[in-house]
Amino acid sequence: MEGLCVNQAAQPRRLYVHTFGCQMNTYDSLRVQRLLAQDGYALTTNAADADVIFVNTCSVREKAEQKVFSLLGRLRRLKWRKPSLIIGVGGCVAQQLGSSLLERFPFVDIVVGTRALGSLPNIVRSVRSGAPRVAHLPDQDEEGWRELFGQTEAWVTDVVAPVTVMQGCDNFCTYCIVPYVRGRERSRPSREILQEVQLLVEKGAREVLLLGQNVNSYGKGLQEKTRFSDLLRLLAQETDVVRLRFTTSHPKDLTEDLIQCFVDLPQLCPHIHLPFQAGSDRILQKMHRGYSAEEYIRKVELLRGACPEISLSADVMVGFPGETREDFQKTLDLMRCVEFDALFSFRYSDRPYTAARLFPDKVSEQEKASRLTELQALQAAITLKKNLSEVGRTREVLVESTSKAGRGQMSGRTPQNRIVNLEGSQALKGRLIPVTITEAYAHSLKGRPVLPLRTSSGIGA
Ligand code: SF4
C-alpha cells in the first residue's frame with residue numbers, strides 16, 4: 001500500500017508512508033499514521049511534500065528486500081533537496097539489519113525495530129530537535145497498542161479495517177525469516193481487541209480483518225483462556241461489526257471449533273487463506289510444516305463439509321531445496337484435488353538465519369521459473385473456471401472503493417473474497433448490496449446491483 005490517503009487537514013507537517021509486504025505491515029503503517037497524527041502530522045500521498053517519510057519494510061522474500069533498497073536509493077535525492085526531511089525505516093528489514101542500515105544509507109535518520117513502533121513519535125521529536133541518527137531495536141515489546149486509545153480524533157479508517165490480534169511465530173518453518181524478525185508468538189488480550197474493533201466500527205469500518213502470522217494459534221501466553229474461535233464469537237456477539245475475516249491460518253492449527261465458527265457466525269465470511277506450501281510429504285517434512293498432504297486435504301474436506309460455500313486461497317512455494325520434478329508434480333496434484341479459488345505462488349529464496357539456506361541440492365533459478373510458470377498456468381485455469389461458475393449468481397457485495405477497472409465503477413468483494421466491479425458512484429461506498437454477477441475474468445468479476453437499491457437513508461441495501 002502506498003500513501004494512506006486520509007485526513008489531509010491543513011497541518012503544517014506532512015507524513016508520507018510507504019508500505020511493503022503483508023497486511024500486518026499495513027496495520028503497522030496505520031499505527032504510525034495515528035501516532036504521528038497526535039503530533040500534528042497529516043498524511044500526504046506525495047513523498048516530495050513530506051517532512052517525515054516512513055518506510056515500512058518486508059524481508060520475507062529476497063525480492064521484497066531488494067525493492068526496499070531500491071526505494072531508499074531513490075529517497076536520497078529528496079533528502080538532498082530538503083535537508084530537514086526525516087527518513088525512518090521500520091519493519092522486518094529494519095529489525096534484521098539494524099544500525100547497518102544507517103551505515104549503508106547515510107541519509108536515513110531513524111531505524112525502528114518491529115517491537116518499537118510506539119517509540120516513534122519520541123524518536124522523531126528528538127531527531128527533529130537535533131539528536132543524532134538512531135537505530136532503536138529493543139528485544140521486548142514496548143508499550144505499543146494502548147497508546148492508540150483515547151485518541152479517537154486521530155483515528156481514520158476505511159470500509160475494511162485491519163486489526164492485528166497476535167504477532168510472531170513459534171513454528172520455525174525452515175525457509176521462513178518471520179520468527180527471527182518478528183519474534184515468538186504473543187497475543188493481545190481479547191477485551192483490548194474488542195474495544196479496538198468496536199471503535200473502528202464506530203469510525204465507519206464495516207469489515208474487520210483480523211491479522212496474525214499464525215492467527216489461529218491466538219491465545220498462547222495469555223492469562224485468560226481464549227482460543228481464536230472464542231475471540232471470533234466474542235467479536236460477533238459483542239460488537240456491531242458486519243463482516244469478519246482473518247488471515248493467516250496454519251493448517252495444523254485449524255481446529256474443529258474454528259471450523260464450526262463458519263457455521264455459527266453470520267458475520268464470519270466464508271473464506272479462508274490456508275497456505276499449503278507443497279504437495280510432497282518429503283518436502284513438507286523438510287519445511288517443518290507439521291502436516292502431510294493427506295492431512296491438509298482432510299482439513300479442506302472438513303471445511304467444505306461444514307460450509308459448502310467456503311472459498312479457499314493458499315500460498316505455495318516452488319523450488320525448495322531438494323524438490324524434484326516428482327515432488328513438484330505432487331504439488332500440482334494437490335492443486336488439482338483441492339481446486340483453490342485463488343493461489344499466491346512464490347519461488348523459494350534463501351533468507352538469512354533460516355535452516356533451509358544451508359540445505360544442499362538447491363534448485364536452479366531457471367528450473368524454479370519453469371515450475372512457477374507451469375503452476376501458475378494450472379491455477380489460472382482453475383481460477384477462471386471458478387469465476388465463470390459465479391456468473392448468474394447473486395452475491396452480497398461490500399462496496400469498498402472506486403474501481404481500477406474504469407470510470408463510473410466501484411469495486412467490492414463477495415463474502416468469498418472475490419473482487420466485483422459494478423457501475424455506481426461513491427454513494428455506494430460502505431454499502432452491502434446484492435449484485436448479480438454478469439461477467440467473469442481471470443482476477444475479478446463484473447456485476448449488476450439488484451434493484452431497488454434506494455433506502456430511506458439513500459442508496460444502499
Ligand atoms: S508458520 Fe512458518 S511460514 Fe508462517 S510465519 Fe511461522 S515460520 Fe513463517
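Ground rules before I go on. I'm working from a predicted model, where local features need pLDDT of at least 70, side-chain atom pairs count only at pLDDT 80 or more, and totals for chains, interfaces and linings use all residues. Residues are numbered from 1 along each chain as its sequence is written, and side-chain values use heavy atoms, with hydrogens and water left out.

**Entry: domain 1 against domain 2**

The contact (heavy atoms within 4.5 Å) draws 19 residues from domain 1 and 27 residues from domain 2.

Next I looked up buried area, meaning the accessible area (1.4 Å probe) that two parts lose on being put together, summed over both. For domain 1 and domain 2 it comes to about 2000 Å², with 53% given by carbon and sulfur atoms.

Then I went for the charges. I count a salt bridge when a side-chain nitrogen of Lys or Arg is within 4 Å of a carboxyl oxygen of Asp or Glu. The rule finds two across this interface. I also noted the salt bridge of glutamate 65 with arginine 351, whose closest N and O atoms are 2.3 Å apart.

For polar contacts I need a pair of N or O atoms within 3.5 Å; within protein, one must be able to donate a hydrogen and the other to accept it, and residues adjacent in sequence count only if both atoms are side-chain atoms. Nine residue pairs between domain 1 and domain 2 qualify, both residues at pLDDT 80 or more.

Helices (H or I, at least four residues) and strands (E, at least two) are DSSP runs, numbered from the N terminus. On the side of domain 1 that touches domain 2, helix 1 (23-37), helix 2 (62-81) and helix 3 (92-97) each give two or more residues. Helix 1 gives the most, with eight residues.

**Entry: salt bridges overall**

I get 37 salt bridges in the structure. In one of them, arginine 125 meets aspartate 39 at 2.8 Å, N to O. Arginine 125 sits in helix 5 (residues 120-128) and aspartate 39 in the loop between helix 1 and strand 2 (41-43), so the pair ties together parts 86 residues apart in sequence.

I found a cis peptide bond joining threonine 247 and threonine 248, with omega about 5°. Threonine 248 is in the loop between strand 11 (243-247) and helix 9 (256-264).

Histidine 288 is not a glycine, yet I read a positive phi of about 65° there. Histidine 288 belongs to the loop between helix 10 (281-287) and helix 11 (293-306).
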